[in-house]
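Here is a short note for someone opening this structure for the first time. Please read it with the model on screen.

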Amino acid sequence: MTADVDRHELRQIIAGLSEGVILVEPDQSIAYANEAALAMHGVEQLDDLGGDVDAYRERFALRYRNNRSPEHYPMERVVAGEHFHDVIVKVRRADQPEVDFVHSVRSLVANDREGNPSCLALILKDVSDQFEAEERFETAFNANPAPAVITRLSDLRHVKVNTGFLEMTGYVRDAVIGRSVYEVDVLAGARNRELAISRLNEGGTIPQMEACLTLPDGGSRFVIVAGQPIAMGDEPCMLFTFADLELRRKAETALRQSEERFAKAFRLTPVPTVLARLETFTVTGINAAFTRVFGHGEDAAVGRSCAEIGLWVAQAPRERFEEAVQRTGFVAGQEVCLRHQDGSELDCLASAERVEIGEETFALLVLQDITERKRGERELFEAIETVMADTSWFSRGLIDKLANLRQPGIRDDNGANPTLTLRERQILNLICAGLDDDAIARRLNLSRNTVRNHGAALYRKLGVHKRAEAVIWGRENGFPLNMSGP
């Protein structure tokens with residue numbers, strides 16, 4: 001009778017508890033469950049749990065947190081007198097597989113004075129929300145491409161590692177999980193290792209710092225590592241995240257080597273070369289050939305724009321040239337007139353191309369001095385014009401060669417020969433025959449002014465400025481040369 005009274009009082013005590021309580025008899029029958037325990041199974045009556053452990057098995061499928069099916073349900077374990085706590089099980093109803101709960105279960109075994117079990121109880125706590133949050137975190141943690149490791153602060157052992165860390169380092173998961181922070185050292189070679197270790201022991205934030213991880217194959221990998229305290233359930237932990245510096249270091253090495261090759265070629269090229277910022281054309285570098293040809297040294301040129309240096313003789317061509325480079329990124333072989341430091345003028349071929357160095361944009365200018373060539377051409381043309389003032393003693397073949405050398409032909413805007421009137425053709429024919437304006441006037445019975453007016457109109461059509469150029473055009477376009485004179 002006393003035992004029944006005690007059992008009744010016990011049920012009254014546990015009925016109002018927020019935790020679920022299930023009482024089990026030694027014969028594995030389910031004696032009692034409070035409302036919290038029933039709600040945690042999605043049922044309303046004790047019979048819905050099943051009369052005993054076997055019936056419970058048929059109605060509810062259990063899986064432990066490691067996703068394994070238990071050989072013995074917690075109910076069987078408590079009947080066997082086993083003491084356990086914080087066992088996490090996922091409970092799913094057989095008749096409603098879409099309904100499941102997550103329980104944190106501990107056992108309670110009370111013995112009577114003779115040492116026989118008198119009260120066998122399961123204490124349940126609904127941790128479904130916590131478990132779902134942890135599952136979401138687990139999914140996000142594993143899916144995050146950024147390498148990461150979670151270390152438990154109580155014993156400094158790694159409890160989680162994501163795929164990003166495994167792929168970056170070459171470790172396998174089992175070689176990381178359960179190892180201490182010193183066995184798989186995530187702070188190896190840290191730039192400020194003492195501070196990092198101190199913050200780790202305190203459970204404080206570890207600021208970003210460069211480190212060099214030791215890899216399982218004996219190699220190493222440069223990273224940026226940082227640590228952030230987090231809680232995993234009730235366990236304080238440290239979340240280590242990493243940024244791989246290997247690709248950046250390789251890119252920096254390749255860029256440095258590329259820049260070194262560019263600098264070497266820039267210095268050694270025999271053609272005057274200038275490197276300037278594209279936006280302002282401020283000079284950032286010149287080579288030795290530029291100093292040799294134009295006289296400006298680095299002290300006088302670097303840090304100043306081409307306009308400030310006074311490199312261009314005329315400002316309008318400079319502005320057109322710079323605008324074309326900024327707009328198209330490329331100018332090739334443009335004839336320009338540039339100024340030496342001493343004030344003398346040089347004929348040059350200027351080319352430029354837009355180049356990217358690091359994160360900045362520049363214009364690379366190549367300036368070829370053609371002063372001597374242009375002087376030779378001018379002298380040759382002046383000589384041709386002088387001798388062609390009187391063409392009566394030239395052979396036809398020589399006239400043709402000189403004409404081709406001086407000016408390869410004149411065309412209108414559409415590339416065709418201009419249309420001449422009959423009178424213009426007559427005058428051109430006589431000019432090619434070596435007659436002056438007076439002789440042409442007499443031959444055509446015109447006044448001298450009329451001949452000059454026709455001649456001026458003829459020159460405009462042909463695009464020439466001198467009598468010698470008109471002779472060249474005529475000979476190239478089939479006008480006969482009268483060698484006998486008037």
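The points below cover the chain as a whole and then its pockets.

1. Start with the source. This is a predicted model. The protein chain has 486 residues, and 40% of them count as buried. It holds 18 helices and 16 strands.

2. Next, contacts and surface. Take the contacts in the protein chain with a separation of 6 or more: 44% of them join residues 24 or more positions apart. The chain's accessible surface is about 27,200 Å². Carbon and sulfur atoms make up 49% of that surface.

3. Now the largest pocket. Its space comes to about 650 Å³. The lining counts 22 residues. Nearest the centre lie Arg65, Glu134, Glu138, Lys160 and Met232.

4. Which elements build that lining? At least two residues each come from β3 (60–64), α5 (128–143), β8 (157–161) and β11 (235–244). Helix α5 gives the most, with seven residues.

5. Ten of its residues are charged, nine are nonpolar and three are polar.

6. Then look at the second largest pocket. Its volume is about 390 Å³. It is lined by 14 residues, and Asp86, Ile88, Ser104, Gln130 and Asp234 are the closest to its centre.

7. Helix α5 returns here. Both α5 and β5 (100–111) supply at least two residues of the second largest pocket's lining. That lining divides into seven charged, four nonpolar and three polar residues.

Terms used
Residues are numbered from 1 along each chain as its sequence is written. This is a predicted model: local features need pLDDT of at least 70, side-chain atom pairs count only at pLDDT 80 or more; totals for chains, interfaces and linings use all residues. Side-chain values use heavy atoms; hydrogens and water are left out. On a 1 Å grid over the protein atoms alone, a cavity is a set of points where a 1.4 Å probe fits but cannot get out, and a pocket is an open set with protein on both sides within 12 Å along at least five of seven lines; lining residues have an atom within 4 Å of a point. Grid points are joined across faces, edges and corners, and a volume is the space filled by probe spheres set on the points. Helices (H or I, at least four residues) and strands (E, at least two) are DSSP runs, numbered from the N terminus. Ala, Val, Leu, Ile, Met, Phe, Trp, Tyr, Cys and Pro count as nonpolar, Asp, Glu, Lys and Arg as charged, and the others, Gly among them, as polar. Buried means under 20% relative accessible area, exposed over 50%, partly exposed in between (1.4 Å probe, protein chains only). Contact means heavy atoms within 4.5 Å. Accessible areas come from the Shrake-Rupley method with a 1.4 Å probe; for residues, only the protein chains shown count as cover.
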